[in-house]
Structure formats: C-alpha cells, structure tokens
Amino acid sequence: MLFGDNIKYSFYICQQIKELTIMINESFSIRLREARQMMGLSMDKLVERTNGAITKQSISRYEKGIMRPKRDALQAIAKALNISEEYFEGTNLKIDMPMLRTTSNGKLSEDELQALEAKLSFWAEQYLTKEKEAGFPTRFKNPVKGTKVSTLEDAIHAADLLREKWHCGDGPIASILRLLERKGIMILAATLPDYVFGMSTWADKKHPLMILDFNPEKSSVEKLRFTAVHELAHLLLLFPEDSPLRLEKRCDLFASFFLLPKLALIEELGSKNREKITLEEMIDIKELYGASLAASIIAARDYDIITTEYKRAWYAEHIEPNPREIGNGHYVFPETLGREKRVNSIIKSMEE
C-alpha cells in the first residue's frame with residue numbers, strides 16, 4: 001500500500017469511528033431523555049436525585065448527544081432513574097422491532113423508532129423487576145400458537161378459537177384491556193406519534209408488550225379496543241406471506257371478528273341474511289359490544305349477512321359524512337389498566 005493510500009485509509013477509519021461514536025451518543029441521548037421523561041422528572045429534579053453528582057448542564061449535553069457520562073456519573077444517573085446501566089447500552093432487554101398500527105401513510109423515523117424502543121425497554125425492565133419483588137409475576141401462554149391466518153375464513157376461525165380457549169363465550173367482552181392483562185400481555189399507556197394508534201412487540205422473545213395511546217382526541221374507546229385486539233393478532237397468530245390479503249387487513253379482520261363474533265351478530269340481527277339494517281340497530285350493537293359502527297357493518301358484510309352493495313350504501317350514508325361517529329352511540333364501559341397499580345400496591349404494603 002502506498003503512503004498516500006495509507007493516509008486515505010487512516011482517514012476512512014477515523015471517519016468510521018467518528019460516525020460510530022455519534023451513533024452511540026445519539027442512542028444514549030435518546031435513552032436518557034426517554035427514561036427521564038418516563039419518570040416525570042425535569043433536568044433539575046434528576047440532578048437533585050443524583051445528590052449533585054452531575055450538573056444540569058451535563059444532563060443537557062448528554063441528551064443532545066454532545067458527550068457521554070463517565071462511569072461514576074452513569075452509575076449516579078442509573079440509580080436516580082431506578083434502572084440498570086445496561087439499559088443505556090440497550091442490552092438490558094432485547095426488544096424486537098415493533099409492529100405498529102398506523103394510518104395508511106404513517107411511517108416512523110429512525111429517531112422515533114429508537115425513542116419507542118427505549119420507552120418500552122425502560123418500562124418493561126422496571127415493571128418486570130417490580131413484579132418479581134411483589135411475587136406477582138406475569139405468566140403468558142399463547143393458546144392459539146401455530147394458528148395461521150391467510151383468508152377471511154381463517155380470521156373467523158382464529159377469533160372463535162381464541163374466545164373458546166380464553167372462555168369468553170360468544171357475547172360482549174366488557175373490558176378488553178383487563179382481559180389481556182389477565183392473560184399475561186404487558187400494556188403501557190403512552191403518547192404515540194400522531195399517526196400511530198398502537199404497537200406490539202416482544203421483550204427477550206418471551207414477554208409480550210403492547211403500547212396504546214389513550215388520548216380521547218385521537219382514539220375513541222371503540223377504536224382503542226379495536227387497536228388492542230389488532231395488536232393481539234400480531235402477537236398470537238402466524239401470517240403466511242402468500243395470502244391475497246395484506247397483513248394489516250388480516251389483523252383488522254381478526255379484531256373485528258373477536259369483538260363481534262359471527263353467531264352473536266346473526267342472533268342480534270335475527271337472521272343470517274338481511275336486506276336492510278337500521279342505524280338504531282347498529283348503535284345498539286355498538287353500545288353493547290364496544291365495536292364501532294364502521295367495524296360492525298363491515299363485519300355484517302364479511303359474514304354474508306348483507307351484500308357488498310348494501311354495505312357500501314350504508315357506509316356512504318352513515319359513516320362517510322361522520323367518520324368519528326359523533327352522536328351515534330358510545331361504549332360506556334371504561335377501558336382501564338390495573339395490573340401495574342396492584343403490583344405497586346403490593347410493594348407499598350411490603351414497605352410499611
């Protein structure tokens with residue numbers, strides 16, 4: 001190698017090291033910011049919790065990716081945030097690439113994905129630690145493991161099978177989120193990007209995780225329930241690539257059929273075939289089953305209760321002019337989370 005080539009090669013290596021250092025700093029900065037915000041701490045409060053081991057200026061520089069803390073400072077930050085040092089390296093838990101329910105054109109930037117991964121990693125580590133301390137561990141078993149969904153009929157079968165395995169019957173399910181928590185799904189309520197309704201993934205290949213955005217301006221209770229079951233499909237089912245249906249469409253079908261089973265809808269409507277369905281009927285079903293008018297009328301078409309032509313006409317009359325379904329019924333049973341609250345109460349009682 002010539003002298004000039006040596007210089008070029010050395011410059012190339014230096015650039016690669018510099019770029020790698022920037023990437024590591026950016027990853028650390030995102031993880032620190034997300035952890036601090038998840039704890040509800042200002043920079044001043046974080047400084048206070050480190051007993052002055054670091055300064056606000058240093059935290060600002062860390063979060064901007066300008067510099068990284070030395071070992072003593074990192075230990076102080078980790079202790080203040082009640083998290084492992086491994087969290088900042090991204091080695092505490094292996095979080096898979098999240099599966100997202102978004103609008104049709106929604107795409108997340110790399111920074112947004114890193115922020116979501118950090119948020120999940122931080123929360124999951126703290127939550128699993130608390131469960132272990134409380135002696136109240138989450139246990140998860142996939143009751144429909146290996147079930148494949150390629151067609152509409154497959155989605156109906158999968159939804160009915162899961163209801164059977166989870167002993168849900170064929171009627172309304174009052175609280176979807178409490179059901180998922182009981183079955184071992186770890187759910188975090190958090191603010192997501194505008195075009196993301198929910199996401200699901202795995203920690204260490206064995207802990208199913210779900211993030212849902214509870215913002216009422218963004219998601220009605222019916223949409224929240226639908227999103228949760230859509231994400232459940234991602235976690236439980238297999239989706240062959242040779243299907244004529246898109247993956248997200250198959251998850252939507254499963255969600256619709258799980259919330260409102262075929263036999264139940266036929267019995268509610270009094271017939272396997274209807275030429276006309278009133279708005280009042282569908283509002284009553286919406287308020288009982290917690291499925292939107294849009295999802296319910298589409299399900300009626302998918303179950304062959306009504307024709308595609310009638311579904312289109314009904315949709316054009318009642319949904320297209322009012323897509324948020326304002327004034328057309330509301331599911332009144334609250335969708336809440338409770339498992340983490342109970343874990344916290346157990347830990348608190350142990351400390352008293």
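Helices (H or I, at least four residues) and strands (E, at least two) are DSSP runs, numbered from the N terminus. The model on your screen is predicted, so local features need pLDDT of at least 70 and side-chain atom pairs count only at pLDDT 80 or more, while totals for chains, interfaces and linings use all residues. Residues are numbered from 1 along each chain as its sequence is written, and side-chain values use heavy atoms, with hydrogens and water left out.

**Stop one: the negative patch.** Select Asp160, Glu164, Asp170, Glu267, Glu268, Asp284 and Glu287, which form a negatively charged patch on the surface. Patch members have over 30% relative accessible area and no salt bridge (a Lys or Arg side-chain nitrogen within 4 Å of an Asp or Glu carboxyl oxygen), and like charges are joined within 9 Å. Now colour helices H7 (152-165), H11 (262-269) and H12 (279-289): each gives the patch at least two residues.

Zoom in on Glu287, in helix H12. Glu287 counts as partly exposed because its relative accessibility is 37%, between the limits for buried (under 20%) and exposed (over 50%), with a 1.4 Å probe and protein chains only.

**Stop two: His207.** With a relative accessible area of 16%, His207 is buried. Show its contacts (heavy atoms within 4.5 Å): beyond neighbours within four places in sequence, His207 touches Leu128, Met186, Thr201 and Trp202.

**Stop three: Ser84.** Finish in the loop between helix H4 (71-80) and helix H5 (85-89), which holds Ser84. Ser84 is buried too, at 17% relative accessibility. Setting aside neighbours within four places in sequence, its contacts are Ala78, Asn92 and Glu125.

Note on methods:
Patch = residues over 30% accessible without salt bridge, like charges linked within 9 Å, V, L, I, M, F, W, Y side chains within 5 Å. Areas by Shrake-Rupley, 256 points an atom, 1.4 Å probe, with all protein chains shown as cover. Lys, Arg positive; Asp, Glu negative; His and termini not counted. Charge placed at Lys NZ, Arg CZ, Asp CG, Glu CD.
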